[in-house]
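Here is a short briefing on one protein chain. Look over the sequence and the structure, then read the points below.

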Amino acid sequence: MSATLIDLIRHGEPVGGRRYRGCGVDDPLSETGWQQMRHAVGDAAPWTRVLSSPLQRCQAFARELAEHHRLPLEIVPEFAEVGMGAWEGRAHHEIVVSEPERHRAYRNDPVGCRPEGAEPLEAFLDRVVSAYRARLERHPGEHLLIVCHSGTTRAILGEVLGLGPHDWYRTKTDYAGITRIRHGTNGPVLECMNRPTLP
């Protein structure tokens, strides 16, 4: 059986500047964000299908791409970004100033010191990985594009590389950054990470 290729692409820059966006804030892409996404994929369409988070900063581009290249599109609710609770929609610098101790604790321990009402990372991991595994089983030998978020990408990379949530924040995902994973007979291999354009 041929390998299954997975390309993960993080959404581009959203409207509203840098702030905590989980699954509770649904800002659209800015014009810069659209340019980042279109530049990253160019005119290529090597995929057999497109999967997307339901949030509009992912779904709008995924829908445009799928329609342009006549590819099947599936919206996967489980690929939505991790919920950030009371910090949803708030600017990073605002949290640093208004809640310095809580922010410091979160940076040191993002698993145990979540914002109030935030989704536990273990629960987030379960929903993302369950959906990811289901698509691997459903589409063996295909080349899938998943349009998603920084957190979703980290959860999938954690599953592939055997990294727990405590280790996720050692990885960086830029706007429109592309990561490729090859699932072959000897298991998954990370082929590239956070590229500005398709490999």
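Val 41 is buried, with a relative accessible area of 6%. Buried means under 20% relative accessible area, exposed means over 50%, and partly exposed lies in between (1.4 Å probe, protein chains only). Val 41 is found in helix α1. Helices (H or I, at least four residues) and strands (E, at least two) are DSSP runs, numbered from the N terminus.

This is a predicted model: local features need pLDDT of at least 70, side-chain atom pairs count only at pLDDT 80 or more, and totals for chains, interfaces and linings use all residues. Residues are numbered from 1 along each chain as its sequence is written, and side-chain values use heavy atoms, with hydrogens and water left out.

**Val 41 and its surroundings**

- Setting aside neighbours within four places in sequence, Val 41 is in contact with Ile 9, Trp 47, Phe 61, Leu 65 and Leu 198. Contact means heavy atoms within 4.5 Å.
- Val 41 and Asp 167 are 126 residues apart in sequence, and their C-alpha atoms are 29 Å apart in space.

**Helix α1: two faces**

- Which residues of α1 are buried? They are Gly 33, Trp 34, Met 37, Ala 40 and Val 41.
- These residues cover an arc of only 130 degrees around the axis, which puts them on the same side of α1. The arc is that of the directions from the helix axis to the C-beta atoms.
- An α-helix has 3.6 residues a turn, so residues three or four places apart point the same way.
- The buried residues of α1 pack against β1 (4-10), α2, β4 (143-148) and β5 (178-184).
- Glu 31 and His 39 are exposed, on the face of α1 turned away from its buried side.

**After α1**

- Gly 42 follows α1 and has a positive phi, near 60 degrees.
- Ala 44 lies in the loop between α1 and β2 (49-52). Ala 44 counts as partly exposed, at 31% relative accessibility.
- Not counting residues up to four places away in sequence, Ala 44 touches His 69 and Leu 198.
- Ala 44 and Leu 198 are 154 residues apart along the chain, yet their C-alpha atoms are separated by 8.4 Å.

**α1 against α2**

- Two packed helices are described by the angle between their axes and the distance between the axes.
- The axes of α1 (residues 31-41) and α2 (residues 56-69) come within 11 Å and cross at roughly 40 degrees. Axes are lines fitted to C-alpha atoms, for helices over the stretch in contact, and angles run from 0 to 180 degrees between N-to-C directions.
- The two helices are therefore oblique to each other. Angles under 35 degrees count as roughly parallel, over 145 as roughly antiparallel, 65 to 115 as roughly perpendicular and the rest as oblique.
- From α1, Trp 34, Met 37, Arg 38 and Val 41 meet Ala 60, Phe 61, Glu 64 and Leu 65 of α2.
- By class, this contact has six nonpolar, no polar and two charged residues. Ala, Val, Leu, Ile, Met, Phe, Trp, Tyr, Cys and Pro count as nonpolar, Asp, Glu, Lys and Arg as charged, and the others, Gly among them, as polar.

**α5 against α6**

- The axes of α5 (residues 121-138) and α6 come within 9 Å and cross at roughly 70 degrees. That makes α5 roughly perpendicular to α6.
- Phe 124, Leu 125, Val 128, Val 129, Tyr 132 and Arg 133 in α5 meet Gly 151, Thr 152, Ala 155, Ile 156 and Glu 159 in α6.
- The residues of this contact divide into seven nonpolar, two polar and two charged.
- Thr 152 lies in α6 (residues 150-161). Thr 152 is buried, with a relative accessible area of 0%.
- Apart from neighbours within four places in sequence, Thr 152 is in contact with Phe 79, Ala 80, Glu 81, Phe 124 and Val 128.

- Most residues other than glycine have a negative phi.
- Arg 70 has a positive phi, near 55 degrees. Arg 70 lies in the loop between α2 and β3 (73-75) and counts as exposed, at 79% relative accessibility.
- Asn 194 also has a positive phi, of about 60 degrees. Asn 194 sits in strand β6 (residues 187-195) and is buried, with a relative accessible area of 17%.
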